[in-house]
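Reader: I have a model open on my screen and would like to learn how to read it. Could you walk me through a few features?

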Amino acid sequence: MVKSAAGAAQGAARSATMPKLVATDLDGTLVHSDGTITARTAAALRALDERGVPVVFVTGRPLRWAEEVFDHVGALGLAIVSNGAMVWDVGQRQARTLHAMTPEVGLAVADRIREAVPGSTFAVETLTGIALEHDYVERFPMPPGTRRGLLPDIFDDPALKLLARHEQLEAQEFWEAAVGVVGDLVVITWSSDSALLEISAAEVTKAATLELLCAELGVGAAEVVAFGDMPNDIAMLSWAGASYAMADAHPTAAAAATHIAPPADEDGVAQVLEELFGLGLGGA
């Protein structure tokens, strides 16, 4: 595994088979820490689109946050959001594929976690938005009209994600405790520095949904290059034929990748794509 930044990662890229599809996480990977996609990265994505190489955004973001970067999705116009729970058709503005969690399963999961880890609070992400328990402390502004209530009252539609938060535990500690009691029912991961767990329906991961989408497009795993930085990217980084964790990635994500790219704030994805595809953009 390459464990340096630009030079070594790009050297490995030169010897790699030319990918037919690029799959990239957003936050901490394609998107800078200030929330922007730079001109350099946008130019690399545009150049690939002009060559007919599809770029699929594969993110843990819910739809309402992913929409902020949809100007860059290219001609394919598809994005995988909520850790694989939905494939969104940007042009048609509709869900192409849904892998949701039923309220019955979600409520059972919450009961088990709450019993095992007192102090856990929950929120529910659905196709129409987010709803929060009264004690759930959100770190970001919520959309106008966001509902709060008891979990059985707000979990009344299939969920793209069930979110679990704990204000005293570390993320790894919370994850281990939750997996120990509900790992047979759902997939649990995280992508935050705080103890915020992202819970998906059984067998739903970024990799599983990306694999299904690639099969529709006639692209195999060996023909995919993937980029990511956090534990929710591990399955995707492990599945793709070539994968790059960012230089400042979580150690578990770095261990799952075949290469290391420069950090997001240094346009690491763009650097690798420029070299891998010979884009000749000169860092513009």
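**Reading the surface and the interior**

Author: Gladly! Let's start with charge: Asp34, Asp248, Asp265 and Glu266 form a negative surface patch. Keep in mind that this is a predicted model.

Reader: Where is Asp34 placed?

Author: Asp34 sits in the loop that links strand E1 (21-24) and helix H2 (39-50).

Reader: Is Asp34 buried or exposed?

Author: The general idea is to look at the relative accessible area, where over 50% counts as exposed. Asp34 has a relative accessible area of 57%, so Asp34 is exposed.

Reader: Now for another loop. Where does Pro158 lie?

Author: Look between helix H5 (151-154) and strand E9 (161-165): the loop there holds Pro158. Its relative accessible area is 45%, so Pro158 is partly exposed.

Reader: Which residues does Pro158 touch, leaving out those up to four places away in sequence?

Author: Pro158 touches Ala100, Met101, Pro103 and Thr126. For a sense of how the chain folds back, take Pro158 and Val105: they are 53 residues apart in sequence, with 9.6 Å between their C-alpha atoms.

Reader: Why is helix H10 described as largely enclosed by the rest of the structure?

Author: Here you count buried residues, meaning those under 20% relative accessible area. H10 covers residues 268-276, and eight of its nine residues are buried, so the helix is largely enclosed by the rest of the structure. The buried ones are Gly268, Val269, Ala270, Gln271, Val272, Leu273, Glu274 and Leu276.

Methods. Residues are numbered from 1 along each chain as its sequence is written. This is a predicted model: local features need pLDDT of at least 70, side-chain atom pairs count only at pLDDT 80 or more; totals for chains, interfaces and linings use all residues. Side-chain values use heavy atoms; hydrogens and water are left out. Patches are made of residues with over 30% relative accessible area and no salt bridge: like charges are joined within 9 Å, nonpolar side chains (Val, Leu, Ile, Met, Phe, Trp, Tyr) within 5 Å. Accessible areas come from the Shrake-Rupley method with a 1.4 Å probe; for residues, only the protein chains shown count as cover. A salt bridge is a side-chain nitrogen of Lys or Arg within 4 Å of a carboxyl oxygen of Asp or Glu. Lys and Arg count as positive and Asp and Glu as negative; His and the chain ends are not counted. The place of a charge is taken as NZ of Lys, CZ of Arg, CG of Asp or CD of Glu. Helices (H or I, at least four residues) and strands (E, at least two) are DSSP runs, numbered from the N terminus. Buried means under 20% relative accessible area, exposed over 50%, partly exposed in between (1.4 Å probe, protein chains only). Contact means heavy atoms within 4.5 Å.
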